[in-house]
Amino acid sequence: MPELPEVETVARGLRDSLVGRTITGVTVGWPRTIGRLTVAEFAEGVAGQRVALIGRRGKYVVIGLYRGYLLVHLMMSGRLCVVPTDEPSDQHVHVLFDLDDGRQLRFRDVRKFGRIYLVADPSEITAGLGPEPLADDFTVEDFSRLLAGRRGRLKPLLLNQRFLAGLGNIYADEALFAARLHPMRKADSLTVDEQARLYEAIRTVLRQAIASRGTTLDDGGYTDASGQAGGYQDRIAVYGRGGKPCLRCKLPIERIVIGGRSAHFCPHCQVE
């Protein structure tokens, strides 16, 4: 968390506030937030730059500058927001970007796992990521080719960012439920029809989550760029619902651990 829908929502929420603005200065309170560069190198490389675009790659917010890119990985608790400079801050705001309109882009991260990179090309960080599951040119045939020769279990495979970019625990569980596939199924055991069902389920679940502005769990770890909670938690079918009735068959949802990560599923609707 956050996963693809949350990062996409944050990126979309930043566009109107940031595109066309110039970064006039940077303050870094937690140096380890900055990846690969010293704080001085980072600040010098960013100051005076105008924001040209805001996008997303996998779980990274991509901020295109006129020279280079800022890549922001929110990790577990990172938040980006644009606020007036005189708005009170707190000890969890670790990077502040001063803007030419009197506001600041702030990166707040309670758990301090998030990272911000300044690079000449996003591929310096994202080269190892798999395809974007919602890309217009990502077809079911492409998905079947990705699955070819894969022998691992479905749940860990969907979490592998080198396989597909952007999925995490929540949406992997939800997609497998929508496709009626057990998380322990071997990837090479899927029929052509099952591959197509999983492809459509992944894309449908992600689009629905983006339309709902992401998922905010009980820990409140995710909010969008305006500080608002997401709404997809009200549509969750299996994730985090261990012991509760399946929305289809009313039998209890089960939780297991696969490769150190939890998986939630209905043993009746998702037979191994």
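Leaving aside its neighbours within four places in sequence, L198 touches F143, L154, L158, A175, L176, A179, L181 and L190, where contact means heavy atoms within 4.5 Å. The structure is a predicted model, in which local features need pLDDT of at least 70 and side-chain atom pairs count only at pLDDT 80 or more, while totals for chains, interfaces and linings use all residues. Residues are numbered from 1 along each chain as its sequence is written, and side-chain values use heavy atoms, with hydrogens and water left out.

**Helix α7 and L198**

- L198 lies in helix α7; helices (H or I, at least four residues) and strands (E, at least two) are DSSP runs, numbered from the N terminus.
- L198 is buried, because its relative accessible area is 0%; buried means under 20% relative accessible area, exposed over 50%, and partly exposed in between (1.4 Å probe, protein chains only).
- Helix α7 (residues 192-211) has 20 residues and reaches 29 Å from its first C-alpha to its last, close to the 28 Å expected at 1.5 Å a residue; the expected span is 1.5 Å times one less than the number of residues.
- The buried residues of α7, among them L198, Y199 and I202, pack against α1 (4-18), α4 (140-147), α5 (154-159) and α6 (169-178).
- After α7 comes R213, whose phi is positive, near 65°.
- L198 and Q91 are 107 residues apart in sequence and 43 Å apart in space, C-alpha to C-alpha.

**The five-stranded sheet**

- Five strands form an open sheet of mixed pairing, in the order β2-β9-β5-β4-β3; two strands pair if DSSP finds at least two bridges between them.
- The edge strands, β2 (34-35) and β3 (51-57), each pair on one side only.
- Two bridges join β2 to strand β9 (residues 115-119) in the parallel sense, and I34 stands opposite I116 in β9.

**The hairpin of β10 and β11**

- Strand β10 (residues 254-258) and β11 run antiparallel and are joined by five bridges, with I258 opposite R261.
- Two residues lie between the strands of this hairpin, and G259 takes a positive phi near 60°.
- Four of the five residues of β11 (residues 261-265) are buried, so this strand is largely enclosed by the rest of the structure.

**The loop residue M75**

- M75 lies in the loop between β5 (69-73) and β6 (78-84).
- M75 is partly exposed, because its relative accessible area is 34%.
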